[in-house]
Amino acid sequence: MSIQPDNDGLFARLRRGFAVLGFLYLGAVILLAVPWVQSHIVYMNALKLPWNAHFDAPERHGLAPGKTANIKIQTADNHTLGAWFILSDTIYHDLSFPPPPSAAELHISEAVAQRPTVLFFHGNAATRAISMRVRLYSGFTSRLDANVLAIDYRGFGDSPGTPTEDGLSLDARAAWDWLIAQGASPQDILIVGHSLGTAVASGLSVGLSEDGVKFRGTVLMSPFSSLYTLIDTYNIFGVFPVMLPINMIPRAAGIYKSFLIHKFDTLSAISKLKVPILILHAEDDWDVSHTHSDALFDALLEPYLPPVYSPSTSQESWSTQQWSEYHAQLVTRREIRESLLTRTVIPNFGLMDQFDGFGERITLLKTSTGSHNEVCTLEGVQEVIRATFFTPENLH
């Protein structure tokens, strides 16, 4: 007697499994609408990696002896931020080895006067002491020969407080003001942000541009255009669109996003920047799609392209002539766009598009590898930063 497969039992187990996944998804969606939970997901500042970090001993996290000063920065609303100031290699190599632990702090004024400084804003989670960020500082101080100021926002690392969108803006301005107070020239400061830090870097850069401050430029590493768009495009493990079930319900996505208390809307503000800008992204970024960088670059290019006008009636009622005119506008727009861009293919590395906007060079770098976090540490990426902002004609 043959044994028949129990298809009914299998289907029942599958239904139960999908039902459990559905309830888990619904629970997660509901929780994300709660402001307290939402903030913890956005910032993830409770993950103070590495655990038991030795902020007063940067050497224990891989930085050279006496190269880094552990400092405190006061914000306008009386928060105290933990930060590291790391000497450029040129300044550090002029010191006798091994230098005393206080060497970096004693040479801050000399360092900012003689070498450019990278003002770095990190992404969510972890602290300024995590190994990936330390490798980035080392690349900046050696390959760029620049000083680095890296802060932990309020609520991160050893900085007390609770992070908010406005609070992070105040933290960024406090870091800038601290550098100026040490004697740094604005033209010698390059503002760099990664992931969440790109929204912070953009906000500071826009504010300085609106104040008429001329600084070296802005670098956005693995940026997102806005938090709303990030939610729309976020894929779990790079495969499952997190908003797909909600988008299947009419108007549900718009209602759900109305509960978001954070915006971090870089897209609406980036066109106000009047400094050289480098946007860079890895095409294999699972966390934030590289299309966000495309959107930011397109927003900077948009003022130089002709608008496309279409008839006010629905497309179904357009005449042959109207379709022809509409298509001609698209062709003209594409041709002008191509004429404005200079495209450089970097073999085995990536693709770079550039144009001159407001008299400043705007660059989009798309690397073939690097993922979300490691793209910052690629030597090729740091070479593009060096060539864009640290060539002899950019140094005083």
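Predicted model: local features only at pLDDT ≥ 70, side-chain atom pairs only at ≥ 80, totals over all residues.
Trainee: Which residue does Arg143 pair with?

Mentor: Arg143 bridges to Glu379, and their closest N and O atoms are 3.0 Å apart. That pair joins distant parts of the chain, 236 residues apart: Arg143 sits in helix α6 (residues 131-143) and Glu379 in helix α14 (residues 379-389).

Trainee: And Glu379, buried or exposed?

Mentor: Glu379 counts as exposed, because its relative accessibility is 53% and the cut-off for exposed is over 50%. Arg143 is partly exposed, at 29%.

Trainee: OK, what about Lys272, which residue is its partner?

Mentor: Glu210, with 3.9 Å between the closest N and O atoms. Lys272 is partly exposed, with a relative accessible area of 40%, and Glu210 is exposed, at 54%.

Trainee: You mentioned α8. At what angle do α7 and α8 pack?

Mentor: About 65 degrees, with the axes 9 Å apart; α7 covers residues 165-181 and α8 residues 196-210. The crossing of α7 past α8 is right-handed.

Trainee: Which residues make the contact?

Mentor: From α7 you have Leu168, Ala172, Arg173 and Trp176, and from α8 there are Leu196, Val200, Leu204 and Leu208. Seven of the contact residues are nonpolar, none is polar and one is charged.

Trainee: Arg173 is in that list. Which salt bridge does Arg173 form?

Mentor: Arg173 forms one with Asp177, where the closest N and O atoms are 3.2 Å apart. Both residues lie in α7, four residues apart, which is about one turn of the helix. Arg173 is partly exposed, with a relative accessible area of 32%, and Asp177 is partly exposed too, at 37%.

Trainee: What does β11 pair with on the β10 side, and in which sense?

Mentor: β10, residues 342-346, pairs with β11 in the antiparallel sense over five bridges. Val345 stands opposite Leu351 there. The hairpin has three residues between the strands, and Asn348 takes a positive phi near 60 degrees.

Trainee: And how many bridges join β11 to β12?

Mentor: Eight, and those strands run antiparallel, with β12 covering residues 360-367.

Trainee: Last one: where does Ile231 lie, and is Ile231 buried or exposed?

Mentor: Ile231 is in helix α9, residues 227-233. Ile231 counts as buried because its relative accessibility is 19%, and buried means under 20%. The C-alpha atoms of Ile231 and Val288 are separated by 9.6 Å, though the two residues are 57 apart along the chain.

Terms used. Residues numbered from 1 in each chain as written. Heavy atoms only, no water. Pairing = 2+ DSSP bridges. Helix = DSSP H or I, 4+ residues; strand = E, 2+ residues; numbered from the N terminus. Buried < 20%, exposed > 50% of the residue type's maximum accessible area, 1.4 Å probe, protein only. Axes fitted to C-alpha atoms, helices over the stretch in contact; angles between N-to-C directions. Left-handed = near helix turned anticlockwise from the far one by under 90°. Contact = heavy atoms within 4.5 Å. Nonpolar A, V, L, I, M, F, W, Y, C, P; charged D, E, K, R; others polar. Salt bridge = Lys/Arg side-chain N within 4 Å of Asp/Glu carboxyl O.
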